[in-house]
Amino acid sequence: MGCNSEAYWTGIVRKTIPILCAILLWVGSGARAADLSQVDVAQAVKDLGAPSFAVRKAAQAALAGVGWEARKELEEAVRSGDPEVSDVARQLLAEMLPGVTRTTPDTQRELVTRYAKDLPADEKRNCVRQLLDESPVPCRLLLDLIEWETEDASRKQIVGEVLGRTPAVLGPMLETGETADYDRFLQWAVRLEAADLIPRVVVYAWYRGKLPVMQAQVAAQLAKADNPYLRRLLAELQVMGGTPDQAVETARSLENPVYWQNLLVRTGSWAELAASLDSGTDPPDGPELIRLAAAQRLAGQDAAAAATLAKLAAADQEDGKAPKTGGLGDAPAQIVWQDHGFGPELFGDRGMVVLPAGANELRLAMQQVRISSGRRSGRQQQVEAWRLPLAYGLVGDAVAFIQRQGQASQAVTFLTQFYRYAEADRLLKEELAAAQPPQDAFLTIRRAALLRSLGDPAADTMVTDILARCRNGDEKLADDKVFGALMIAVDSAGFHDVLVASLPELMARFANPLDQSALVQVVNLLASRQDRGLAWFWWTRMVQANPGEATTERAARLRDFLAGKLAAEAADTVLRSAVRPDASASERVQDLCQVSRTCLALWRLDDAVTASRLAVRAAVDCKDRNMGRYARSSLMTALVCSRKWEEAAAEYSESWRDGRDVTSLGMQGIALFLAGHREEAEKSLDRFAVLAGPSQVGWALTQLDELPWSEPVRRLLPRVVYGDSLAVELPATAARRLGDPALELQFARRQWFEGVQAVSSRSPEQLLQGNATLAFAECRARLANAGPAATLAEAKQVSDAFPFDVDGVADTVEALDRAGAKAEADALCEYALAREQRILDKLPDAVKHLNGYAWLCARTGRNLAKGEDYARRAIAKVPEQDEIVDTLAVLRYRQGDLDGAIAAGLASLRLEPWSVHYRLQLGLWEAEKANRH
């Protein structure tokens, strides 16, 4: 039911203003749209009291046709001293449909007519959803519905539905510059205490420069009467405003432990988080102990962290029992985090753990750790012994656990990360000596991968022999599942070229060319690394076009086609086979999009754009909006891969208008920047900043990190500081690029904390990298206080502990350069290069180290000529590794050879056409070349 009384509207204003005065300040003059002809409405209301009956009737009919836009004048007429005017105005208001004006489309008018009836909540919700499906979304009508409702529950229902489609509903409000409607919606969000919309309120306040005003207003309201919702709103405003200590104090009294602890993580209040986690009345469960030890480590409470790990190791959580302390008990254990070294089991007595006598009980107990996935679920999972110590940086203990448990594959992962190749090879040979088929084949592939990385030519022969066993019918490798797993292992180990060369003969084992095993296990591996689905698609088309062709011949032809080795006429014949004469319009769209992707993989860029444009036209014929978006997405990808930035920006703009995909706004801004339209790019990214969610902000930082354009990054970073997402690797990189070591450290700590929390789902490489990232970030953050000499000494220790992190060294060299400490920067770079050189002196063909040396030269701008020589040697060994070709491209650029950089950049992009990094980097270099001319 609607309410049209003066008291009702006055009440709404009185309730809204005290809570959200700041937002009310954002609203403009309130002038109404000129096309509604205020003079005509005012005159018609005046004519309701005219002496002539005919004039009065005409006025009543005119006002009934105008609709909701006459509401204000009619409410004033209700208070008229003329009883007839008052009665007619009251009658017209009662018959008026909320939000429906004389220009409202009939479909929307019908939906509102239904909504205004006394319907059940589910049916009213369905009406709102259908309104949201309208294009464009009737934003103002929805707001009018909210204001027309008398029950907060119904209003919350509308707000909740709008929230689910935020970009589609709120986006147009900002796009047109009509921010008053956006303000109205946020007013209602606060009025209804919609917690899910707090991020929108805060971000908009930041965007409009009203954070201080709004903080003051909300604080004043809280001083009158405490309110949990407003307290949380104020805390978030303070976080966004850069006063985290105030935010923690504001939120301290909230009875919401999950939110409270999350806020402590976001503000870096590690000591308080540790105290909060340790203060529960119940004994902590496994995940809580893991979080507690991590918080203690970040708070600098190393002894307490060691004691917590001891509790975790000694906990008995079988059958849902609460953990019991035991094992070490209160032994004064201490973790020396800063040493960053291996434990004594394998690599000498310079480990990270310093424990009292008998403390190996901790290490042994941690092999049996079982943690629950949470108190409420009651489920438990066995956590592999190496994960917990590795997550906390106890690398030596992790390796020891793996060796004791006979997990050779995991042990080799660790050993190779730390350049212990002889030990890794010894371990694999020992495992091979005892292995039986088919396990011996998998171990051989793993050993071949190790040897190939060291430049040993025997590696390819080893894999070829395994494939020969498969081809010749080795009964131990004949099972389809084993065979398929071996193919995947060969591909994953880096022997894609060897596998593809052997595939025609391997296909002979499948009699039926459409055999599911053949398609799933073998044919997909024919594809380029970028898109294995293309192999499935083209194999099927080839079978349909020529079903009598021999399987091995078809496999060879498909291999050559996807590798770009077919003659032009033969390749065109294959491409034409994609579009079937009897295909429906929607099938034609999908086929053309596959042709476009294939042309991109074959580096036929113009053909890719043409195929995508045909797909867009075909989508018009099938009258399917989703197909239209699919085709346009294909076209945008083709334009970006072709670096046609002007056209790409136009398509992203159309995509935003059509589907309200916020990422389209971000990509439009980037494309506009690369096309040379800086001002328009900034406007697009400004709108993106307001509408994007946390994950979309992270995506944008990935893109923008490739560009020498710091201002958008500075604008987006506050969103991440505010955001409650803990996945902050990308913001840490952005902060480092901006030269803000304190902010980088804040993000690096949160990143490490997140990795520890998700220990069971992280790979060894991820856990190792998390510790390396944190260690280098701590090193750089101490530069301002400790000075260059101390930073150099610490950076050398960290580099020795995590030698695989070449970028960590390069970032620290750059930090020293920025600080004016060139001598220390040179010394650190030479120290890391010398370590790579010592390995190359023994293993001159080790591709990983050739590229590592070259990449460090490229990143730091030092030893560029020698770095280029090493990069070219690595490319000669593995010409299809795009990242090494990219190293050469950067080296040429750093030496001022723009043409050489572009040529190498094109080569790396041809090897990996979908790489965002390569596209944007090449776009920048091409733009620079154009500007030079």
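Biologist: What makes R632 count as buried or exposed?

Modeller: A word first: this is a predicted model. The relative accessibility of R632 is 15%. Buried means under 20%. R632 therefore counts as buried.

Biologist: Where is R632 found, and which residues does R632 touch?

Modeller: R632 is in helix α37, residues 625-641. Leaving out residues up to four places away in sequence, R632 touches V616, E651, E654, S655 and D658.

Biologist: Why is D497 called partly exposed?

Modeller: Its relative accessibility is 36%. Exposed needs over 50%, and buried needs under 20%. D497 falls in between, so D497 counts as partly exposed. The residue sits in helix α30, residues 496-507.

Biologist: How do you know that D497 and R452 make a polar contact?

Modeller: Their side chains are joined at 3.1 Å. The cut-off for such an N or O pair is 3.5 Å. The value is therefore within the limit, and the pair counts as a polar contact.

Biologist: What else does D497 touch, and how far apart in sequence are D497 and E880?

Modeller: Besides R452, D497 touches E880, not counting residues up to four places away in sequence. D497 and E880 are 383 residues apart in sequence. Their C-alpha atoms are 8.7 Å apart in space.

Biologist: Why are α13 and α40 called roughly antiparallel?

Modeller: Helix α13 (residues 198-207) and helix α40 (residues 678-691) pack at about 150°. Angles over 145 degrees count as roughly antiparallel. The two helices are therefore roughly antiparallel to each other. Their axes are 9 Å apart.

Biologist: Which residues make that contact?

Modeller: From α13, R200, V203, Y204, W206 and Y207. From α40, D686, A689, V690 and L691. By class, the contact has 7 nonpolar, no polar and 2 charged residues.

Biologist: What makes Y204 count as buried or exposed?

Modeller: Y204, in α13, has a relative accessible area of 0%. The limit for buried is under 20%. Y204 is therefore buried. Y204 and A689 are 485 residues apart in sequence and 9.5 Å apart in space, C-alpha to C-alpha.

Biologist: Which side chain makes a polar contact with that of Y204?

Modeller: The side chain of D183, at 3.4 Å. The limit is 3.5 Å, so the pair qualifies.

Biologist: How many residues are in the largest nonpolar core?

Modeller: It has 246 residues. L74, L233, Y392 and W538 have the most contacts inside it. W538 touches residues including L558, F561, L562 and V574. A second, separate core has 21 residues, among them V463, L477, V482 and V490.

Biologist: What makes W603 and R643 count as buried or exposed?

Modeller: W603 has a relative accessible area of 18%, and R643 has 15%. Buried means under 20%. W603 is therefore buried, and so is R643.

Biologist: Which peptide bond is cis, and what is its omega?

Modeller: The bond from P437 to P438, with omega near 5°. P438 is in the loop between α26 and α27.

Methods:
Residues numbered from 1 in each chain as written. Predicted model: local features only at pLDDT ≥ 70, side-chain atom pairs only at ≥ 80, totals over all residues. Heavy atoms only, no water. Axes fitted to C-alpha atoms, helices over the stretch in contact; angles between N-to-C directions. Helix = DSSP H or I, 4+ residues; strand = E, 2+ residues; numbered from the N terminus. Parallel < 35°, antiparallel > 145°, perpendicular 65-115°, else oblique. Contact = heavy atoms within 4.5 Å. Nonpolar A, V, L, I, M, F, W, Y, C, P; charged D, E, K, R; others polar. Core = buried A, V, L, I, M, F, W, Y, C linked by side-chain atoms within 4.5 Å. Buried < 20%, exposed > 50% of the residue type's maximum accessible area, 1.4 Å probe, protein only. Polar contact = N/O pair within 3.5 Å; in protein donor to acceptor, adjacent residues only side chain to side chain.
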